[in-house]
Amino acid sequence: MHFKSTLAGLLAATMLAGAGSAQAETLRLLTWGSYAPDELIEKFEAEYPDIDVEVTFSNNEEMIAKLRATGGAGFDLAQPSHDRIYAAQLEYDIYKPLDLSKIDTSVMEAKLLDGVKANTTIEGEVYAVPHQWGTSGLMADKTKAPGLKSWADLCNPEYKGKTSMRLKRTILLGTAFSMGEDPFAAYSDLEKYQGILDKVADKLIECKDNIKAYWKGGDDLSAMMLSGEIVGSETWDSTAYKLFDQNENIVFVPPAEGALAWIDTFALPRKAKADDAAYKWINFVLRPENVTLMSASTGAIAAVQGGQDLLPEDKKAAVNAAFTKEDIDNLKFFANIPPGVEDMEGKTLEKIKAATGG
Amino acid sequence: MQNKDIKRLSLILLFAPFALWIILLIMLPHIGMVILSLKEKVAPRVYQYSFANYLEFINEPIYWNTLLRTGSMSLLVTALALLIGFPIAYYIAKIAGPRSRGGLFLLCLIPLWVSDLIRAFGWILLLRETGVISNFLLWTGLVGAPVEFLYNDVAVIIGLTYTVILFMIVPLVSTLDGMDNSMIEAGYNLGGNGFTVLRRIIIPYAMPGIVAGCIVTFMLTAGSYLTPILLGGKNSSWFTEQIYNQFITRFNWEGGAAFGMLLLLFTSLVIWLGLKLSGQTLANTVAKS
């Protein structure tokens, strides 16, 4: 008898717990490290007490791999870059169209919004809107490498053994621009693009001798740069801004060929279960007071009107030290990646990594 | 009759967890991998069965070079782990007193309590150009400028040996522990010197432990990912990195699955060859220890 009542109690407790969690909605975010600071999550949960926020940190490639594995289930809001939506949707069908009427698009910077919409519209449906944008470029220690101005300078023998880069597609594109090519224009003609990639591979293999090591994440890049083991590197602007805080000689340098600009977006996974909560989160983080909190954590600029003015003071100083008006006008936005290009680029990167020459 | 049924039932019950583990977690995923590896993408969302992924491996020297490199470096690490681990295991099992034995064993185990990642970062702190060893050498005046020890194959081999050596020591200690000291004494009494006793008595006796240790360390090394990535330099590719690249960077799951199967086949082949060449079988070595 005693046993039975315990069992009944347990059952009741489980049912209660079940009912409780059914009421509270969970918003499962799949986003970049630092794109969901605790402070903002607490604020959001205070405003919407019936929504729990769960965060998974990832990067572009892993976001797509995770969503592909489940056919777009397991997460309610993803934040891939704008160039990673069109082809991924065509190949793997992992996103669903946005209901733009539920998003306050009027606060967004019109140029960025139109750009993202143009890049992510499939059969008349829009799949993403912009959230944060930033650039990839160079970083240099002003005192030790004042002449580092172009992507090609990473291979300048003057800095032999003192430069670094990440062996990913950014450096392929940057090097192509520095050789006078326009890789984005060649996306429509994959044979021509392969020709450019081959030339870039030769150049980067020759350059290997000049590189100290390929960095793999913001942490090892920061360690090499702060310790002075390297004097310049290919970098994300946000990493450079963080280092600027610690050493004012380390600045972000927009390459002469134009810094490569990316826009991280909001996109709904195909089998997302909490669309309303996702729209609430999107509108919540676009509010001016929250934009500053978000940018303080991400180091990137929000894609809202006047996003640059909403940066926290220290980041504003770093951006102003790095960018002139001309640099901003010279930005090259990553173009949509057509199907097949990732495979070609991946193969080129493998070739560079495996080459022992140079 | 009833007794027989009970025996059978208890056998099934005892065997069930193991069978479930093998089937659900080992066999099913591998069957899935084989099927995936035999698919070829012909157009977005359209796949057909073919051997294209395996042919790609054969036709591209980068891939099989990396696999051979991974294999040979793993063999080197296994040999180093055996060379360094054997004296340690012998000391713990035969020379150390019963009280210090537990303590020594514990000391060997402690590194396992921290994750691979932390251990790799430990090596990075020691080996980097502005790291502990380089600074120490500068301070003693042995070198005039900072030296970079990180980002090369030697760093990878040191890091891997350190990570796997424990899996060599544990089986060695347990086999050597069971060896009767009087066998060694008898060897000396019959006029053998230290080397003869080692070669004719200790090593043959420890063979099950040596083989078991070598198999485990080789498999762990060839399949490791973090240590070669973090400590390796700009030229050092590891095969697991190729698998990751196929899956994640190139979105080529079919190719990645084929590479995974190839790595499994390759390591199995190396172990089979090793057993053949040393005249051992799994039954009288690993199963025995």
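Modeller: A word on conventions: residues are numbered from 1 along each chain as its sequence is written, while chains are lettered from A and ligands numbered from 1 in the order in which they are written. The model is predicted, so local features need pLDDT of at least 70 and side-chain atom pairs count only at pLDDT 80 or more, whereas totals for chains, interfaces and linings use all residues.

Biologist: Happy with that! Why is Glu123(A) called exposed?

Modeller: A residue is buried if 20 or more other C-beta atoms lie within 10 Å of its own, exposed if 12 or fewer, and partly exposed in between, with C-beta atoms placed from the backbone. Glu123(A) has 5 such neighbours inside 10 Å, so Glu123(A) counts as exposed. Glu123(A) sits in the loop between strand 5 (121-122) and strand 6 (125-126) of chain A. Helices (H or I, at least four residues) and strands (E, at least two) are DSSP runs, numbered from the N terminus.

Biologist: And what makes the phi of Glu123(A) worth a remark?

Modeller: Phi of Glu123(A) is near 50°, a positive value in a residue other than glycine. Most residues other than glycine have a negative phi. Tyr151(B) also has a positive phi, near 60°.

Biologist: Is Tyr151(B) buried or exposed, and how do you know?

Modeller: Tyr151(B) has 22 C-beta neighbours inside 10 Å, so Tyr151(B) counts as buried. Tyr151(B) lies in the loop between helix 6 (132-140) and helix 7 (153-177) of chain B.

Biologist: What does chain B look like as a whole?

Modeller: Chain B has twelve helices and two strands, in the order α-β-β-α-α-α-α-α-α-α-α-α-α-α along the sequence. The C-alpha trace of chain B spans about 85 × 75 × 35 Å along its principal axes. Of the 289 residues of chain B, 30% count as buried.

Biologist: Back to chain A, then. What makes Lys162(A) buried?

Modeller: Lys162(A) has 21 other C-beta atoms within 10 Å, and therefore Lys162(A) is buried. Lys162(A) is placed in the loop between strand 7 and strand 8 (163-165) of chain A. Setting aside residues up to four places away in sequence, Lys162(A) touches Lys212(A), Ile230(A) and Val231(A); being in contact means that C-beta atoms, placed from the backbone, lie within 7 Å. Lys162(A) and Gly232(A) are 70 residues apart in sequence, yet 6.9 Å apart in space, C-alpha to C-alpha.

Biologist: How do you know whether Gly72(A) is buried or exposed?

Modeller: Gly72(A) counts as buried because 21 C-beta neighbours lie inside 10 Å. Gly72(A) belongs to the loop between helix 3 and strand 3 (77-78) of chain A. Beyond four places in sequence, Gly72(A) is in contact with Leu67(A), Ile94(A), Tyr95(A), Pro269(A), Arg270(A) and Lys271(A).

Biologist: Why are helix 8 and helix 15 of chain A called roughly parallel?

Modeller: Angles under 35 degrees count as roughly parallel, over 145 as roughly antiparallel, 65 to 115 as roughly perpendicular and the rest as oblique. Helix 8 (residues 190-207) and helix 15 (residues 341-354) of chain A pack at an angle of about 20°, with their axes 9 Å apart. Helix 8 and helix 15 of chain A are therefore roughly parallel to each other. Axes here are lines fitted to C-alpha atoms, for helices over the stretch in contact, and angles run from 0 to 180 degrees between N-to-C directions.

Biologist: Which residues meet there?

Modeller: Among them are Leu197(A) and Ala201(A) in helix 8 of chain A, and Met344(A) and Thr348(A) in helix 15 of chain A. By class, this contact has eight nonpolar, two polar and two charged residues. Ala, Val, Leu, Ile, Met, Phe, Trp, Tyr, Cys and Pro count as nonpolar, Asp, Glu, Lys and Arg as charged, and the others, Gly among them, as polar.

Biologist: What does the contact between the chains take from each side?

Modeller: The contact takes 22 residues from chain A and 20 residues from chain B. On the side of chain A that touches chain B, the largest share, seven residues, comes from helix 15 of chain A. By class, that side of chain A has eight nonpolar, three polar and eleven charged residues.

Conventions
Contact = placed C-beta atoms within 7 Å.
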